[in-house]
Amino acid sequence: MVIEGFSHVQLVVRDVTASAEWYCAVLGLEQFVSGGTGSGPYVGLRHPTARFVVGMQTATPEQAERLGATAIDHLSFSVADRETLERMRAELSAGGIEVSEILEEVLSYNVQIVDPNGLVLELSAPKRSGS
């Protein structure tokens with residue numbers, strides 16, 4: 001089995017339009033497809049250079065009741081380096097997005113933001129050897 005990389009994540013959200021607008025504005029994703037399902041609208045968003053897709057579909061009433069009780073702790077998106085992470089943190093903060101301080105972990109530096117549905121997103125910069 002050969003895995004070539006990350007393909008996509010499918011999120012169940014309360015408001016597809018609001019969520020898609022937020023992901024486009026905050027993470028620079030672009031909508032490339034939309035339609036409907038039994039529960040309501042869906043969209044496909046992709047990043048123009050990072051080669052990943054975020055799908056969003058409307059939660060059913062049953063799903064909407066438990067969206068806060070998710071099995072996903074966070075989604076992490078990689079950035080080139082700590083300098084890029086610091087720049088992106090400043091840009092997000094200046095744009096009115098609440099952003100965590102830079103968190104240092106064993107292999108990376110990270111900041112976290114929260115999407116309109118309460119899902120924690122992380123921007124992660126790898127540590128250089130010897131950091």
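1. Let's start with a hairpin: strand 2 connects to strand 3 through two residues. Strands here are DSSP runs of E with at least two residues, helices are runs of H or I with at least four, and both are numbered from the N terminus. Two strands count as paired when DSSP finds at least two bridges between them. Strands 2 and 3 run antiparallel, with seven bridges joining them.

2. Before going on, a word on what you're looking at. This is a predicted model, in which local features need pLDDT of at least 70 and side-chain atom pairs count only at pLDDT 80 or more, while totals for chains, interfaces and linings use all residues. Residues are numbered from 1 along each chain as its sequence is written, and side-chain values use heavy atoms, with hydrogens and water left out.

3. Now the overall layout. The protein chain has three helices and eight strands. Reading from the N terminus, the order of elements is β-α-β-β-β-α-β-α-β-β-β. Of the 131 residues in the protein chain, 34% are buried, where buried means under 20% relative accessible area, exposed means over 50% and partly exposed falls in between (1.4 Å probe, protein chains only).

4. Where does the mixed pairing show up? Strand 1 and strand 4 run parallel and are joined by six bridges, and Val 13 stands opposite Thr 58 in strand 4. Strand 3 and strand 4, by contrast, pair in the antiparallel sense over five bridges. Across that pairing, Arg 46 stands opposite Val 53 and Val 43 stands opposite Met 56. Strands 3 and 4 also make a hairpin, with six residues between them, and Arg 51 in the turn has a positive phi of about 60°.

5. There is another open sheet of four strands, in the order 5-8-7-6, again with mixed pairing. Strand 5 and strand 6 (103-104) are at its edges with a single partner strand each, so one side of each has no neighbour in the sheet. Strand 6 pairs with strand 7 (residues 108-114) in the antiparallel sense over two bridges. Within that pairing, Leu 103 has Asn 110 as its bridge partner in strand 7.

6. How many aromatic pairs does a search of the whole structure find? The search gives two. Trp 22 and Tyr 23 have ring centres 5.2 Å apart and planes at 70°, so this pair is edge-to-face. Rings of Phe, Tyr and Trp (its six-membered ring) pair if their centres lie within 6.5 Å; planes under 30 degrees apart count as stacked, over 60 as edge-to-face and the rest as tilted. Trp 22 and Tyr 23 are both buried.

7. Phe 52 and Phe 77 form a tilted aromatic pair, 5.0 Å centre to centre with 35° between the planes. Phe 52 sits in the loop between strand 3 (40-46) and strand 4 (53-58), and Phe 77 in strand 5 (residues 75-78), so the pair ties together parts that are 25 residues apart in sequence. Both of these residues, Phe 52 and Phe 77, are buried.

8. Arg 82 lies over the face of its ring, at 4.4 Å from the ring centre. Lys 127 also lies over the face of Tyr 109, at 5.4 Å from the ring centre. A charge sits over a ring if NZ of Lys or CZ of Arg is within 6 Å of the ring centre and within 35 degrees of the ring normal.
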